[in-house]
Amino acid sequence: MVTIKSAHEIELMRAAGKILGKVHQDLGKELKPGMTTLEIDRIGEEMIRSYGCIPSFKNYQGYPASVCVSVNEEVVHGIPSKRRLLKEGDIVSLDIGVMYKGYHSDAARTHGIGEISTEASDLILRTRESFFDGIRHALAGNFLHQISAAIDRCASGYGYGIVRDLVGHGIGSKLHEDPQIPNFRKRSRGIRLRPGMTLAVEPMINAGSEKVRWLADDWTVVTADGRLSAHYENTILITKGLPEILSLTEDEAEEGIWLQGGIA
């Protein structure tokens with residue numbers, strides 16, 4: 001069942017989203033060659049708890065860390081390790097959730113480490129672009145799969161593979177709520193969007209094939225062809241007007257990324 005949040009619930013989710021945006025901004029600035037993915041997780045968890053929040057992912061269905069750290073061909077759910085070191089030219093996706101006073105926010109960003117290839121840079125920027133193309137349609141009265149179709153048009157227009165085995169989701173007092181939000185075109189229209197819905201929209205886009213596989217740890221998802229993958233996610237609120245992005249970083253807000261996405 002899709003939940004409609006009350007005014008009080010929305011305020012708590014706004015607070016959770018604002019905190020998550022700060023964590024993403026500050027943690028992204030810590031990334032550097034030679035750093036272990038376990039160190040990223042440690043710093044991220046310290047940041048989350050410093051705001052009085054609980055890491056949404058830690059021990060969620062057995063996941064052992066607070067930050068999903070996915071490097072290069074890893075699509076999502078990479079498990080932090082003291083043996084995995086970042087190196088110049090890598091791209092790193094950080095998927096983070098926080099719970100504030102019982103309500104969750106979920107967001108992901110992909111970062112380049114040092115100088116990265118044009119292919120990698122384009123993939124990161126275009127994955128973000130596909131998110132904003134999608135939420136142009138996140139308007140009350142529209143249908144959910146209009147978001148999906150717009151993400152598909154953008155990403156497939158660049159010749160990228162759109163991951164089909166993993167999708168976005170509703171969010172609130174539970175980390176994963178109804179509805180599921182595909183990043184690819186569906187024949188159905190999906191539910192009609194209503195004010196008060198809160199959604200985690202998260203394009204996962206591959207430089208090559210859409211196909212993925214799971215590693216032996218049963219968590220880490222990688223591209224089947226070994227090519228790069230990028231991830232961009234925000235928690236959004238459906239309103240009576242434009243959608244509200246609850247988890248933008250301060251830098252993104254100052255850049256006017258919202259306007260760059262063509263929303264207003």
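Where is Gln 61? Gln 61 sits in the loop between β1 and β2. Strands such as these are DSSP runs of E with at least two residues, helices are runs of H or I with at least four, and both are numbered from the N terminus. This is a predicted model, in which local features need pLDDT of at least 70, side-chain atom pairs count only at pLDDT 80 or more, and totals for chains, interfaces and linings use all residues. Residues are numbered from 1 along each chain as its sequence is written, and side-chain values use heavy atoms, with hydrogens and water left out.

Stay with the loop. Phi of Gln 61 is near 50°, a positive value in a residue other than glycine. Asn 59 lies in the loop between β1 (54-55) and β2 (67-71). Asn 59 is not a glycine, yet its phi is positive, about 70°. Most residues other than glycine have a negative phi. Gln 61 is exposed, at 64% relative accessible area. Asn 59 is exposed too, at 57% relative accessibility. Exposed means over 50% relative accessible area, buried means under 20%, and partly exposed lies in between (1.4 Å probe, protein chains only).

Next comes β2. This strand is mostly covered: five of its five residues are buried. Look at its two faces. Val 67, Val 69 and Val 71 are buried on one side. Cys 68 and Ser 70 are buried on the other. β2 runs antiparallel to strand β4 (residues 91-100), and five bridges join them. Two strands pair if DSSP finds at least two bridges between them. Val 71 has Val 92 in β4 as its bridge partner.

Now turn to the helices. Two packed helices are described by the angle between their axes and the distance between the axes. Helix α1 (residues 7-28) packs with helix α2 (residues 37-50) at an angle of about 145°, with the axes 10 Å apart. Axes are lines fitted to C-alpha atoms, for helices over the stretch in contact, and angles run from 0 to 180 degrees between N-to-C directions. Which residues meet? Val 23, Asp 26 and Leu 27 in α1 meet Ile 40, Ile 43, Gly 44, Met 47 and Ile 48 in α2. Contact means heavy atoms within 4.5 Å.

Last, find Pro 179. It is in strand β8 (residues 177-181). A cis peptide bond joins Asp 178 to Pro 179, with omega about 5°. Most peptide bonds are trans.
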